[in-house]
Amino acid sequence: MTKRFAFAGRVSTEDQQDPVASRNWQLNRAQALIEPVGGIVVAEYFDIAHTRALPWKRRPRSAALLEALKDPNRGFDAVVIGEPQRAFYGNQFGLTYPVFVHYGVEMWVPEVGGPIDPESEAHDLVMSVFGGMSKAERQRIKVRVRAAMTAQAKIEGRYLGGRPPYGYRLADAGPHPNPAKAADGRRLHRLEPDPVTAPVVARIFADYLSGTGIHALAERLTRDGVPSPSAHDRARNPHRSGVAWAKGAVRAILINPRYTGHEVWNKQRKHERLLDVDDVALGHETKLAWNPQEAWVYSDTPAHPALVSQDLFRQVQQRLHARNAASTGRAVRTRHPYALKGRMFHSSCGRRMQGNWNNGTAHYRCRFPSEYALANTLDHPRTVYVREDAVLPPLDAWLATAFAPDRIRHVLTALEDAQPDRDLRVEGARQTLADCDRKLARHRAALEAGADPHLVTTWSRDVQKERAAAEYELARITGEHRNHGRMSRDEIRALIDALGGMLTVIRHADPTGKAEIYKTLGLHLTYEHETRKVLAETRPAPTMCVVKVSEGGLEPPCPCGH
């Protein structure tokens, strides 16, 4: 009798593993286990480029498998794991296997020699050991890599990757010292002064030490037509406008010790933070965080040509520290909650407006110095303000009435007719494919321009792996859409009913709670300073509304009555 199995596996591309080869050998292990009992694989749930530290609910394919367990017509009788150390990490087995037991689905593992017995302490112990080994392996690799990189930066002064600082460019530093990597065409790199931007760095340090402030420096560089870091390197900064120098860019240059010629590593780290302290099973999210300066690793000797002297850099740091709020006695800025944080944009420049607390009231401000405006040919006031309390009442009223009973039929029809086959995962996969195609085009151009063929081949191979993973993910998600189809009218109505219940509490929520609700709704606000109107949209938007504000408060409501 044939027994139907779903195959579950995972591969991470962080250490340049081949997703296709990894899937094949894990699948072969699984098939070798189930074939003696007449087992065949009828479904696959294989995660690509997702770390083992993520719980199953946050891995796309593993989460889909957990959902499939709930369906009596799932199409398979049991699940076979390719390798437990790739599937489970830490205590994930103990948090996941009870779901299989609840729905009566067997889990087969090669290391156990067949199905796991929920009543067997030995099986539970074996799987717990594999989870612990998986976690220990990941931690051991992290320790080894960090120790090796510390030694390479400190003793050898080796350039360890990342984008070169403004003022430098990458130069070839010979073959990789690892014979295997050298045979694969890998090369080392070092920093060398960029003839275009290196003089700008020297100018910034000299002008600042002569008494010019950071803000004045940014305006002066913009006025003189000096391209900002994001404008100079558009390929790696497509998300920035690049129209002018920002104060933060000038400050980042002034505090970067690599301009003294020494290699500096470990300025930032990947910090894992619990998603929810009340539900540890959700796992962590990884974000970059700054390390304290005493943890930075400096090369023992100069590793590349210096753009500024050690003495000049030290004097600049002294001036920067002497001008901070703590040393001058100025008031230290305190944090205030902003309900529209990250939601308000200025129509003239398209930039996000910043929260600003004035006279005990939340405002949103857009500062655009005259030199910035000239650089972008904009007619932009130096500073634009809008009060939060002039926007919230009509905004909340509009959101609450958008799903009112008298409008529910219109909303249902609009959403059902305009319902796209939109999935953020699809958009992400397509964006990755487009990015990979652009990278490959640049690599071809570099090869035609005379770049090192071995280096370009290495780059292209990495991009091809990333592209293959994106194609696999896109095909899988597209298949899900064909299986699940579009939302029915009843499903849309249930969603709207739940949303309407949430909107009823908006008016009484505190600013932090409002901010979360607005984020969930995809709220986007655009302020037009000339007409003093705020255009409010939800994305995707069932409707939109224009709210007019004035210094005295709210003006008459818009034509839609909101």
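A salt bridge here is a side-chain nitrogen of Lys or Arg within 4 Å of a carboxyl oxygen of Asp or Glu. By this rule the structure has 26 salt bridges. The model is predicted, so local features need pLDDT of at least 70 and side-chain atom pairs count only at pLDDT 80 or more, while totals for chains, interfaces and linings use all residues. Residues are numbered from 1 along each chain as its sequence is written, and side-chain values use heavy atoms, with hydrogens and water left out.

One of the salt bridges joins arginine 467 to glutamate 471, with the closest N and O atoms 2.3 Å apart. Both residues belong to helix 17 (residues 453–484), where they are 4 residues apart, about one turn of the helix. Helices (H or I, at least four residues) and strands (E, at least two) are DSSP runs, numbered from the N terminus. Glutamate 471 is partly exposed, with a relative accessible area of 39%; buried means under 20%, exposed over 50%, and partly exposed in between (1.4 Å probe, protein chains only). Elsewhere, salt bridges that share partners link Arg203, Asp207, Arg220 and Asp224 into one network.

A second example is the pair arginine 314 and aspartate 311, at 2.2 Å from N to O. These two residues are 3 residues apart in helix 11 (residues 310–322), and therefore about one helical turn separates them. Arginine 314 is partly exposed at 42%, and aspartate 311 is partly exposed at 40%. Aspartate 233 and arginine 236 also form a salt bridge, at 2.7 Å from N to O.

A cavity is a set of points on a 1 Å grid over the protein atoms alone where a 1.4 Å probe fits but cannot get out, and lining residues have an atom within 4 Å of a point. Grid points are joined across faces, edges and corners, and a volume is the space filled by probe spheres set on the points. The search of the whole structure finds 1 cavity of 30 Å³ or more, and the largest cavity has a volume of about 50 Å³. Its lining includes Tyr45, Asp47, Trp56 and Arg59. Strand 1 (3–11), strand 2 (39–48) and helix 2 (60–69) each supply at least two lining residues, and strand 1 gives the most, with 3 residues.

How values were computed: On a 1 Å grid over the protein atoms alone, a cavity is a set of points where a 1.4 Å probe fits but cannot get out, and a pocket is an open set with protein on both sides within 12 Å along at least five of seven lines; lining residues have an atom within 4 Å of a point.
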